[in-house]
Amino acid sequence: MNIAIVGTGYVGLVSGTCFAEMGVHVTCVDIDSNKIERLKNGDIPIYEPGLDEMVKRNVAAGRLRFTTDLTEVLPEVEVVFSAVGTPPDEDGSADLQYVLAVARTFGQNMDKYTLLVTKSTVPVGTAAKVKAVIREELEKRGVDVPFDVASNPEFLKEGAAIKDFMYPDRVVVGTESEEARKVMARLYKPFMLSSDRMLFTDIPSAEMIKYAANSMLATRISFMNDIANLCELMGADVNMVRKGIGSDTRIGKKFLYPGCGYGGSCFPKDVKALIKTAQKAGYEMKVLKAVEEVNERQKSILFDKVMRHFGGDLKGKKIAMWGLAFKPETDDMREAPALVLIEKLREAGADVKVYDPIAMDECRRRIGDKVEYALDMYDALTDADALMLVTEWNQFRMPAWKSVKKLMNCPVIVDGRNIYDADYLAEQGFDYYKIG
């Protein structure tokens with residue numbers, strides 16, 4: 001089976017590589033010629049564990065190739081996936097210009113039945129706009145070529161995306177025709193050999209499922225952060241509260257970990273887009289507005305704690321920061337709490353020295369020399385007045401505490417992910433602050 005995937009960002013590159021791993025012949029398309037040249041040379045522009053090796057293996061096998069021109073591959077493919085970006089517009093709604101541009105190129109050049117599948121996260125009703133653009137282009141050409149559109153939202157977790165794609169807990173496909181359904185079932189069959197986890201829906205429902213899923217997860221995070229902040233005021237331990245409510249099978253244990261706020265490419269963008277979609281339909285998403293408000297407030301909580309510790313004066317203080325990416329196993333800093341913390345610390349007159357196993361280059365790209373970049377996690381601690389743990393990378397979980405204390409000017413730990421033992425650190429002479 002031959003397919004094309006337009007967009008070689010996180011979703012497009014991971015999806016295309018995983019399809020190729022199952023024997024599908026995949027052409028990844030991107031208008032960024034520099035990115036395509038890098039990919040052809042084996043230089044992977046994103047960090048995802050295991051992706052480098054899988055790309056190289058499938059390129060060598062001839063199942064995965066890269067081009068800047070969708071028109072050259074359209075005659076030979078059965079399916080075109082649109083995995084281009086849908087960045088938030090100024091008002092928070094999803095910007096569909098790239099999605100519609102793919103549809104326009106598709107309509108201008110297709111000459112046989114082909115299925116166009118939207119894999120980007122898009123608002124409900126996007127498929128209808130895509131279909132209208134294709135029909136408009138076909139009318140301009142004076143031809144009547146059959147086609148279908150479908151929605152196939154992705155549910156990949158950064159840092160575990162390959163596993164999520166190869167062993168999905170569900171594959172959602174929104175279709176309008178039996179032909180499109182058959183094509184998608186055949187394409188995903190290799191991933192369904194142990195059990196059929198495909199869910200076929202109408203297209204608007206498929207488009208809504210992705211937004212609803214991410215918004216629910218974001219809601220759980222903000223809810224627990226709100227509970228954690230209340231626990232701190234009332235003298236309760238949020239970790240005990242989390243275990244208590246997580247043992248209720250109606251609630252479950254996942255996404256009940258308090259922290260310093262969610263970030264990344266999905267949750268912030270999708271929550272904003274769903275709020276805007278509802279607004280356009282004349283409905284107010286009051287719960288999601290609160291979710292967003294709590295999250296923005298939570299990104300400042302570590303700053304508030306360190307400010308209180310030093311009596312409201314951080315001028316000249318040296319703050320070490322472990323973790324920059326919004327979560328472990330990625331270099332993604334989009335909407336990362338670290339960016340908010342760095343800005344607040346600098347505005348308060350503090351000097352910031354940072355370390356992240358993967359995201360240092362991304363941080364340099366985003367903020368340049370606003371912070372000092374450490375050589376390793378311990379180098380960040382030299383003469384530090386406080387340490388902020390922002391991203392819970394495994395290598396930060398069991399540091400050599402005697403070395404930590406010796407390197408620091410003041411033994412102050414502000415734990416944004418609640419991964420350390422408060423009693424143990426107190427015994428070691430640290431001032432320890434956690435969430436809740």
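Start with helix 5, where the buried residues are Thr126, Ala127, Val130, Lys131, Val133, Ile134, Glu137 and Leu138. Look down the axis of helix 5 and you'll see that these buried residues fall within an arc of 160°, so they line one face of the helix. Keep in mind that this is a predicted model.

What does that buried side pack against? The buried residues of helix 5 meet helix 4 (97-109), strand 5 (114-118), strand 6 (147-151) and helix 8.

As for its dimensions, helix 5 covers residues 126-141, so to speak 16 residues in all, and its first and last C-alpha atoms are 23 Å apart, close to the 22 Å expected at 1.5 Å a residue.

Next, hop over to helix 8, one of the packing partners of helix 5. Helix 8 takes in residues 203-234, Leu230 among them, and Ile221 lies in helix 8 too. Is Ile221 buried or exposed? With a relative accessible area of 13%, it falls under the 20% cut-off, so Ile221 counts as buried. Leaving aside residues up to four places away in sequence, Ile221 touches Phe255, Tyr262 and Phe267. Arg242 is 21 residues from Ile221 in sequence, and their C-alpha atoms are 11 Å apart in space.

Leu230 is partly exposed, because its relative accessibility is 46%. Together with Leu233 and Met234, Leu230 makes a nonpolar surface patch of about 380 Å².

How values were computed
Residues numbered from 1 in each chain as written. Predicted model: local features only at pLDDT ≥ 70, side-chain atom pairs only at ≥ 80, totals over all residues. Heavy atoms only, no water. Patch = residues over 30% accessible without salt bridge, like charges linked within 9 Å, V, L, I, M, F, W, Y side chains within 5 Å. Areas by Shrake-Rupley, 256 points an atom, 1.4 Å probe, with all protein chains shown as cover. Salt bridge = Lys/Arg side-chain N within 4 Å of Asp/Glu carboxyl O. Helix = DSSP H or I, 4+ residues; strand = E, 2+ residues; numbered from the N terminus. Buried < 20%, exposed > 50% of the residue type's maximum accessible area, 1.4 Å probe, protein only. Contact = heavy atoms within 4.5 Å. Expected span 1.5 Å × (residues − 1). Arc of directions from axis to C-beta.
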